[in-house]
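Colleague: I have a model open and would like to go through it with you. Can we take it step by step?

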Amino acid sequence: NNEELVLVRYCTAINKRGNQEKNKRHREYITALQHYGVEVEEGHFIIDEVDCRNCNHTWERPQEKETDVNIAVHIIDDAYQEIFDVAYL
């Protein structure tokens with residue numbers, strides 16, 4: 001097997017309204033990945049309003065956006081540019 005690793009990409013999103021300690025650890029992880037040459041693509045979060053059908057209570061729920069789209073777009077773009085012959089997802 002003569003494969004050569006040419007690119008590692010990490011697609012993620014940070015909930016800026018979420019737990020700040022968790023976000024800090026996530027940022028540190030991203031920084032460490034970038035230090036070793038990993039390309040990081042960040043999506044974002046939106047806030048969905050959710051309703052309970054039983055009690056009519058409403059609350060906000062964060063929802064991650066663009067991570068799956070970033071993965072798909074970059075795989076297609078990298079393939080088009082002939083960056084790889086084999087991709088592992």
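Colleague: Start at glutamate 82: is it buried or exposed?

Modeller: Glutamate 82 is exposed, because its relative accessible area is 68%. The cut-offs are under 20% for buried and over 50% for exposed, with partly exposed in between (1.4 Å probe, protein chains only). This is a predicted model, in which local features need pLDDT of at least 70, side-chain atom pairs count only at pLDDT 80 or more, and totals for chains, interfaces and linings use all residues. Residues are numbered from 1 along each chain as its sequence is written, and side-chain values use heavy atoms, with hydrogens and water left out.

Colleague: Where is glutamate 82 found, and what is its phi near?

Modeller: Glutamate 82 is in the segment after H2. Its phi is near 55°, which is positive in a residue other than glycine.

Colleague: And asparagine 56, what is its phi?

Modeller: Asparagine 56 has a phi of about 65°, again positive although the residue is not a glycine. Asparagine 56 sits in the loop between strand E3 (44-51) and strand E4 (58-65). With 63% relative accessibility, asparagine 56 counts as exposed.

Colleague: Back up a bit. What pattern does the chain follow?

Modeller: Along the sequence the pattern is β-α-β-β-β-α. That comes to two helices and four strands, where helices (H or I, at least four residues) and strands (E, at least two) are DSSP runs numbered from the N terminus.

Colleague: Why is the chain called more spread out than a compact globule?

Modeller: Its radius of gyration is 18 Å, well over the 12 Å that the globule rule gives for 89 residues, so the chain is more spread out than a compact globule. The radius is taken over C-alpha atoms, and the rule is 2.2 Å times the number of residues to the power 0.38. The C-alpha trace spans about 60 × 25 × 20 Å along its principal axes.

Colleague: How much of the chain counts as buried?

Modeller: Of the 89 residues, 19% count as buried.

Colleague: Which residues make up the largest nonpolar core?

Modeller: There are five: Ile14, Ile30, Leu33, Val38 and Val40. Such a core is a set of buried Ala, Val, Leu, Ile, Met, Phe, Trp, Tyr and Cys residues joined through side-chain atoms within 4.5 Å. In soluble globular proteins, nonpolar side chains tend to be buried together.

Colleague: What does valine 40 contact?

Modeller: Leaving out neighbours within four places in sequence, valine 40 is in contact (heavy atoms within 4.5 Å) with Tyr10, Thr12, Ile30 and Gln34.

Colleague: Tyr10, then. Where is tyrosine 10 found?

Modeller: Tyrosine 10 belongs to strand E1 (residues 9-12). Tyrosine 10 counts as partly exposed, because its relative accessibility is 24%. Not counting residues up to four places away, tyrosine 10 touches several residues, including Ile30, Leu33, Val38 and Val40.

Colleague: What about tyrosine 36, buried or exposed?

Modeller: Tyrosine 36 is exposed, at 69% relative accessibility. Tyrosine 36 lies in the loop between helix H1 (20-35) and strand E2 (39-42). The C-alpha atoms of tyrosine 36 and valine 8 are separated by 9.7 Å, although the two are 28 residues apart along the chain.

Colleague: Last one: what share of the contacts is between residues 24 or more positions apart?

Modeller: Such pairs account for 45% of the contacts in the chain with a separation of 6 or more.
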